[in-house]
Amino acid sequence: MTETGMISQLLSGWSPGFPPGLILMVAGLLMPVFPGLSRKIVVFAAPVLTLLTVWAVGTDNNVALAFLDYTLNPVSGNGYGLVFATIFSIMAFVGGLYAINQARLIELSAGYVYAGAAIGVTFSGDLLSLFVFWEIMALGSTLVIWSAGTEKAWAASFRYLLIHLLGGVVLMSGITLRVLETGSIAFSAMQPDSLASVLILIGFLLNAGAPPLSAWIADAYPEASPSGMVFLSAFTTKTAVFTLLIGFPGTEILIYIGLYMVFYGIIYALLENDMRRILAYSIVNQVGFMVCAIGIGTELALAGATAHAFAHIIYKALLIMSAGSVLLMTGKRKCTDVGGLIQTMPYTAFNGIIGALAISAFPFTSGFVTKSLETAAAADQGLMLVWFCLMAASAGVFLHAGIKFPWFVFFQKDSGLRPPESPWNMQAAMWIFSFLCIAIGLFPNWFYQILPFPPDYHAYTASHLVTQFQLLLFAGLAFFVLLPMMKRTLTISLDFDWFYRKFLHIVANEFTLKTGAAGSLFEKQLRNKAEALIKRLYKVHGPYGILARTWPSGGMVLWVSVMLAGIIIFSAIF
Amino acid sequence: MIEDPHKHWLYRRSSLPWLWGILIAILVISVVPEFFIQHYTYFEDQGTTIEASFGFHAWYGFFTCAAMVVGAKILGVFLKRKDNYYDD
């Protein structure tokens, strides 16, 4: 029996009739009401309660709500969703610990609502419930970015919201069409063979950071606060991975979209100078591996995507916590400004390096036992080109995140900065995730048991160990040999967001200018007309107008006699 | 030139040859097992066993990474802008 089964059985006496994510959402909304210590208790208790509820629901489907002519299933557990909900709950707990003393109340509150909505998606058995939670996630995450309180964060949160509202509209259009076509709102595997399912696919992919709109991740996430980015890195993209996994397993185009994302992430991260943007690009890179595996679609590939998502949330959060500690203690984000921080922040550096090794899939870390499921799935299916690309990309991960991040932040030149370690709660959060990175790496067979179909896969063969060490170590050699080519510059790299941040801006300005000229011409004509009217009125009714003039009394006598004559003639005739 | 003895050992010039020496030693150690290990072949039916050849992962890792760095450098010529590009 799997661990999933055992824990579900322990909790079987209790069958909650509400979506488990609701606990975190309510906790988030009520957080402002709780003062002082009681708020801290809520921060820690809510994720634990959520996790217990997640396991209590297990794979049950015990709530059916009538809505119009449809039946909603907002508490519909499935094996994959359970894994995602589990890691989302753990993430909320450790993210809460990382944020508890430093984050603004609104950020923590929005972060919990956001996390709860993500868990809501993983239990959605129908497309309407899914959509509601999907949109709450968009709002919650926007607030998390916005709560950093800077002008840049405000602008970035707005761009972020626009992109996600666009995605929401596309998704809702797809759902509406699908309901019209099939008459069912059930969320189950689809083929992208109709406009409806293609729109749904696009809606999901947009949240995964797929091309062409990948830029929102690196644009928005790094503007959040140190703890805000930790929350952001976990939920939106991984919820998208979950929905793709349930909705579109084995859809071939996902293989190529995934490969594009993998290399996009590497190239842009290599060009980047901002340490938090490097990590943001590497989210796209990692999600690319998962999207590619979903495209392959075999049981092993889907197990790989799920396991990789689980491990990825942990090590990516760990990397971002490490970068966030540096940001909090130095106020600096650019590689050109930091360096040599290992001297006074050795624990932050150590945890950052554990995260870096895990993301690079170094043996004995969580990346090694999860990502290799995906490459093995490609090999099993005889997808030679895909396999060679994924191997090159694995080496590239070590290059752009595994070495580049720790090297430029904690080593390279000595920047002269001597910041102390970050506060205890941030350190504690990092140690918990470092521990999990190593624990999963050391005991993969225990970890595989939480997957719905535990793969029969042996990560620790002599050949796999040796080949992985070679691949990564020689990638490391390439990094140091080519270091002069990677000298950091004070630059950013253009991306698709150029179209809506620069091009459309220029078009809009130009449009305003042109229409402005036309507008003022029109206004001038209108004004001339009005002035002419006023002049005429004045001429007729003004103090000297024909109707307001003082007439001589002789004139009046004349007119009176004319009237009298008229009356006499009138009465004489009739 | 006399170096500042308070400088962290990682940043002393005199440590550099040692650091390179250690890196090269690790690289050599990683290739040695190639003499004793038989690798799997995945794509034999498609006419290649290169993935199981001697030291494949070593040179493949090195050259693909070098290609990515050079590729990024070339793209950078077109894509890079000053980091205040979007600030109005």
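In chain A, α11(A) passes α12(A) in a left-handed crossing, where left-handed means that the near helix is turned anticlockwise from the far one by less than a right angle, and right-handed means clockwise. Helix α11 covers residues 253-271 and helix α12 covers residues 275-296; helices here are DSSP runs (H or I, at least four residues), numbered from the N terminus. Their axes come within 7 Å and cross at roughly 160 degrees. Axes are lines fitted to C-alpha atoms over the stretch in contact, and angles run from 0 to 180 degrees between N-to-C directions. The crossing angle makes α11(A) roughly antiparallel to α12(A) (under 35 degrees counts as roughly parallel, over 145 as roughly antiparallel, 65 to 115 as roughly perpendicular and the rest as oblique).

Among the residues making this contact are Leu254(A), Gly258(A), Val262(A) and Tyr268(A) of α11(A), and Ile278(A), Val284(A), Phe289(A) and Cys292(A) of α12(A). Contact means heavy atoms within 4.5 Å. By class, the contact has 19 nonpolar, five polar and no charged residues. In this scheme Ala, Val, Leu, Ile, Met, Phe, Trp, Tyr, Cys and Pro are nonpolar, Asp, Glu, Lys and Arg are charged, and the others, Gly among them, are polar.

## About the model

This is a predicted model, in which local features need pLDDT of at least 70 and side-chain atom pairs count only at pLDDT 80 or more, while totals for chains, interfaces and linings use all residues. Residues are numbered from 1 along each chain as its sequence is written, chains are lettered from A and ligands numbered from 1 in the order in which they are written, and side-chain values use heavy atoms, leaving out hydrogens and water.

## The nonpolar core

The largest nonpolar core has 208 residues. Such a core is a set of buried Ala, Val, Leu, Ile, Met, Phe, Trp, Tyr and Cys residues joined through side-chain atoms within 4.5 Å. Helix α13 of chain A, residues 299-330, gives the largest share of this core with 20 residues.

The residues with the most contacts inside the core are Phe204(A), Tyr221(A), Phe235(A), Leu244(A) and Leu254(A). Take Phe204(A) as an example: not counting residues up to four places away in sequence, Phe204(A) touches Leu130(A), Trp134(A), Leu171(A), Phe187(A), Ala240(A), Thr243(A), Leu244(A) and Phe248(A).

## Helix α16 and its two partners

Helix α16 of chain A (residues 384-410) packs with helix α19 (residues 462-481) at an angle of about 55 degrees, their axes 9 Å apart. That makes α16(A) oblique to α19(A). This time the crossing is right-handed. The contact includes Phe398(A), Ile403(A) and Trp407(A) from α16(A), and Leu471(A), Ala475(A) and Phe479(A) from α19(A). Its residues divide into 12 nonpolar, two polar and one charged.

Now follow α16(A) to α15(A): these two pack at an angle of about 160 degrees, with their axes 8 Å apart, and are therefore roughly antiparallel to each other. Here α15(A) passes α16(A) in a left-handed crossing. Lys371(A), Glu374(A), Thr375(A), Ala378(A) and Ala379(A) in α15(A) meet Val386(A), Trp387(A), Leu390(A), Met391(A), Ser394(A) and Val397(A) in α16(A). By class, that contact has seven nonpolar, two polar and two charged residues.

## A buried lysine

Lys371(A) is found in helix α15, residues 366-380 of chain A. Lys371(A) is buried, with a relative accessible area of 3%; buried means under 20%, exposed over 50% and partly exposed in between, using a 1.4 Å probe and protein chains only. Leaving out residues up to four places away in sequence, Lys371(A) touches Phe289(A), His308(A), Ile359(A), Ser360(A), Ala361(A), Ser394(A) and Val397(A).

## Backbone details in the loops

A cis peptide bond joins Pro211(A) and Pro212(A), with omega about 0 degrees. Pro212(A) is found in the loop between α8 (195-208) and α9 (215-220).

Phe364(A) is a residue other than glycine with a positive phi, near 75 degrees. Phe364(A) sits in the loop between α14 (346-359) and α15 and counts as partly exposed at 40% relative accessibility. Gln412(A), not a glycine either, has a positive phi of about 35 degrees. Gln412(A) lies in the loop between α16 and α17 (424-442) and counts as buried at 16% relative accessibility.
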